[in-house]
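Reader: I am new to this one. Please show me the structure, and then I will ask about it piece by piece.

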Amino acid sequence: MSTLEIKNLHVSVTTDAGDKEILRGVDLTIKSGQTHAIMGPNGSGKSTLAYSIAGHPKYAITGGSVTLDGTDVLEMTVDERAKAGLFLAMQYPVEVPGVSVTNFLRTAATAIRGEAPKVRTWVGEVKEAMAALNMDSNFAERSVNEGFSGGEKKRHEILQLELLKPKFAILDETDSGLDVDALRIVSEGVNRVKSNSDLGIMLITHYTRILRYIKPDFVHVFAAGRIVEEGGPELADKLEEKGYAEYVTA
Amino acid sequence: MSLPTNYLAPSGREEAWRFTPLNRLAGLLDASVSLTSTNSFIAGNLPTGVSFEVKKSSDLGPISTTTDEATLRVRQSAIEVSHLSISDGTELSAPIVLKRSVLGGTPEVSRLLISAGVNSHATVIIENAGEAVLAEDIEFSLATGATLNVISLQEWGPKTIHLGRSHAVIGKDATFNSLIVTIGGSVVRLLPTVEYSGPGASADLSGLYFATDGQHLEHRMHVDHNIPNGKSRVNYKGALAGDKARTVWIGDVYIRAAAEGTDTYELNRNLLLTDGARADSVPNLEIETGEIVGAGHASTTGRFDDEQLFYLESRGIPADIARRLVIRGFFQEIVSKIKDEEIEERLMSRIDGELEKVGA
């Protein structure tokens, strides 16, 4: 049982007009096996929360803490956070020209596991995970995310989730840009990882659509850089009906 | 073609020499320094249809004219010429490898002519390693329908001075693919140049260079579209790391009035890995006819893409390995054209090693 604990997190970014505070005191605790949906309007800071936990250099932590089983995550380098068991499925996965998916996955798995995976079992492992996500085998030879469709990029993110087996996954708008079939395949992938590994999930989304496939235990409404309401799955139904209007003050 | 007699050393004010550190050329352009003529190429076992001979320079003169002072010096001083000839219709599946025997600190000149016969198909790999002070004149003659792939590797030691022109005269419907890799040497200045002798011919000039502390690596293309329906593609990629690492890329493409139907595109991309390095990139396109298929150029010089590094690091990959992956990826497009895994890995490993040395 692991715990990811975010306490009173404040985060700023530097803009041309000076520093701008995006997160204004976020409190959230996620335990293994739990799925927390973070829902909120565009621009509320949901992605900033995701990237700050992963350690993107653009975001400056100005207050608060993030710990994984009591260990300070904010002190870790980006790769150390991944090795500690955090995974961020990005909304816009980055293209890395000239680096094949095969090479990338193997390098990442080697780093996370602390030793190179054995060739024989590894090839099978990758093939199986790709097949489960309906990914063509020629995918492995392509450059990371280069020329991938929106759906392919998201499947590639979930493929990494399956292979890297983190303790906690932050899924940042994984549902955006997916058609119904792709959404189902991607969601099944997430559920499969969770059933195999007691994964804790922070599911960031704007829409309730993905929650039909990935059932949240908790729903948090995010607005203006903090969590403004919390509840169970029924809160998502209310958002579906009424939108975010009541949380957004002019 | 007679050898020039009125050689004049460049002063550095010439457009063609303004980037080059003339004070580091170890006498190669100094008329008072006598140059040794050398035929240091060693050809391995040659397949049927291929010959390699050393001939008198006076019996086998140059096939092209040039104004390049270093090449003129070679033509003035070279007594012999190495001639690799691929006969008509010869199709080779394995590459021909030309290696140099060990040269040294003595300034030397070298002439090489490679003739590709009608409808022949061959790959030649020219491997330069060790230390040398060398000026060379390489020419390629492609007969009708020939395909000639040339991979030229400059894996020199740190002291080498190397000035060279490699000029292709491409016949009707022939295809010339050149790949130049320069990762060693103190000063390397190469002129990959092309002219066409028949319509429908195609040239692809690719290159990769990697400069660290104090290295000056210069590549100056000149593509002369002088005949209709010619095609050319230029794609050079470079990376620089360390103090006073210096690269120069000049891409001159000339479309003459007669060259209707020309299709050309040139691209140069540079990656600056540390402060203190400098890349010059100058594409020049001169067009004398509007009746062309296409003409374009692009040049970019930038730093590491932080988003790429973040993406890799967020998957547990340590920063230094992430940087190495990105650089390997940057060069992959060029290196993969070699189609020889052993050479590809050797080049990439050397780049990895030099990156580590400069701490990039």
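Reader: Which residues does A:L49 touch, not counting residues up to four places away in sequence?
Author: This is a predicted model, in which local features need pLDDT of at least 70, side-chain atom pairs count only at pLDDT 80 or more, and totals for chains, interfaces and linings use all residues. Residues are numbered from 1 along each chain as written, chains are lettered from A and ligands numbered from 1 in the order written, and side-chain values use heavy atoms, without hydrogens and water. A:L49 sits in helix α1 (residues 46-54) of chain A; helices (H or I, at least four residues) and strands (E, at least two) are DSSP runs, numbered from the N terminus. With contact meaning heavy atoms within 4.5 Å, A:L49 touches A:I6, A:L9, A:L23, A:V26, A:M202 and A:F222.

Reader: Is A:L49 buried or exposed?
Author: Buried means under 20% relative accessible area, exposed over 50%, and partly exposed in between (1.4 Å probe, protein chains only). A:L49 has 0% relative accessibility, so A:L49 counts as buried.

Reader: Which residues have the most contacts inside the largest nonpolar core?
Author: A nonpolar core is a set of buried Ala, Val, Leu, Ile, Met, Phe, Trp, Tyr and Cys residues joined through side-chain atoms within 4.5 Å. The largest one has 114 residues. Its largest share, 8 residues, comes from helix α3 (residues 319-335) of chain B. Those with the most contacts inside the core are A:I6, A:L49, A:M202, B:L273 and B:F331.

Reader: Why is one side of β6 and of β12 in chain A left without a neighbour in the sheet?
Author: Two strands pair if DSSP finds at least two bridges between them. Here 6 strands form an open, mixed sheet in the order β6-β9-β10-β3-β11-β12 (chain A). β6 (86-89) and β12 (226-231) stand at the edges, so each has a single partner strand.

Reader: Which residue in β11(A) stands opposite A:I38?
Author: Strand β3 (residues 35-39) and strand β11 (residues 218-223) of chain A run parallel. They are joined by 4 bridges. Opposite A:I38 stands A:H220.

Reader: Which three residues supply 42% of the area that chain B buries against chain A?
Author: The contact takes 17 residues from chain B and 32 residues from chain A. Buried area is the accessible area (1.4 Å probe) that two parts lose on being put together, summed over both. Between these chains it is about 1900 Å², and carbon and sulfur atoms give 70% of that. More than any other three residues, the suppliers of that share are B:F310, B:Y311 and B:R315.

Reader: Which side chains meet in a salt bridge of 2.6 Å, N to O?
Author: A salt bridge is a side-chain nitrogen of Lys or Arg within 4 Å of a carboxyl oxygen of Asp or Glu. Across the interface of chain B and chain A the rule finds 1. The side chains are those of A:E157 and B:R315.

Reader: How many residues apart in sequence are the parts that A:K46 and A:E173 tie together?
Author: The two side chains meet in a salt bridge (3.6 Å, N to O). A:K46 is buried at 4% relative accessible area, and A:E173 is buried at 9%. A:K46 lies in helix α1 and A:E173 in the loop between β9 (168-172) and α6 (180-197), so the separation is 127 residues.

Reader: Which residues of chain B are linked in a network of salt bridges?
Author: Over all chains the structure holds 35 salt bridges. The linked residues are B:D68, B:R189, B:E218 and B:R220.
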